[in-house]
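Let's take a friendly walk through a protein fold. Have a look at the picture below, and then we will go through its parts.

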Amino acid sequence: MKEHSHEIRVTYEETDKMGVVYYANYLRWFEVGRTEFLREEGLTYRDLEDKGVLLPVLESHCNYHHPALYDDLVRIFTKIKDLRRTKVSFEYEIIRVEDNKLLTSGSTVHPFVNNEFKPISLKKKFPKLWEIINLNFDNKK
């Protein structure tokens, strides 16, 4: 199973008065990880949407282990946790680069839907897209 990593630096606007990252920003960083994961495989959200495939967030889970602070360099690790014909789940870990401390872990679930938000089978409707995504997931359990 392939894992992608992407680094970002914590900006002032992402923190509260104490210099601690506001909790909802971790979900934004999950989106950054997911977007860059797909981009590395030659897919962008724009490409998917142009083909009529949307990936809304159905579920999100976030576990907070340690706070990220202003100006920390953090690395977002993203991988596909589960892949079905009609949905995909991603798993994330965010670590502080300086000390390799795990800050946050979590997951998101995304159904494959069309422009009317009706579920679609990506494998059936867009086999080439399915193949690209499936290459990054080892479904042998």
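## Ground rules

Two strands count as paired if DSSP finds at least two bridges between them. Helices (H or I, at least four residues) and strands (E, at least two) are DSSP runs, numbered from the N terminus.

You are looking at a predicted model, in which local features need pLDDT of at least 70, side-chain atom pairs count only at pLDDT 80 or more, and totals for chains, interfaces and linings use all residues. Residues are numbered from 1 along each chain as its sequence is written, and side-chain values use heavy atoms, with hydrogens and water left out.

## The sheet

Five strands make an open sheet, in the order β1-β3-β4-β5-β2, with antiparallel pairing. At the edges sit β1 (3-9) and β2 (59-64), each of which pairs on one side only. On average, neighbouring strands here are turned by 20° against each other, direction ignored. (Axes are lines fitted to C-alpha atoms, for helices over the stretch in contact, and angles run from 0 to 180 degrees between N-to-C directions.)

Now pick out β4 (residues 87-96) and β5 (residues 101-111): this antiparallel pair is joined over ten bridges. Which residue of β5 is the bridge partner of E91? It is S107. In general, strands of a sheet pair through backbone hydrogen bonds, either parallel or antiparallel.

## A helix on the sheet

Helix α1 (residues 25-40) packs on the sheet and touches β1, β2, β3, β4 and β5. Contact here means heavy atoms within 4.5 Å. The direction of α1 makes about 70° with that of β3.

## A helix with two sides

Helix α4 (residues 127-134) has the buried residues L129, W130 and I133. They lie on the same side of α4 because they cover an arc of only 100° around the axis, taken from the directions from the helix axis to the C-beta atoms. Buried means under 20% relative accessible area, exposed over 50%, and partly exposed in between (1.4 Å probe, protein chains only).

Among the elements covering these buried residues are α2 (45-50), β3 (73-83) and α3 (122-125). The face turned away from the buried side carries the exposed residues K128 and E131.

## Two loop residues

D71 lies in the loop between β2 and β3. Its phi is near 75°, a positive value in a residue other than glycine. D71 counts as partly exposed, at 41% relative accessibility.

F117 is in the loop between β5 and α3, and its phi, near 60°, is also positive in a residue other than glycine. With a relative accessible area of 54%, F117 is exposed.
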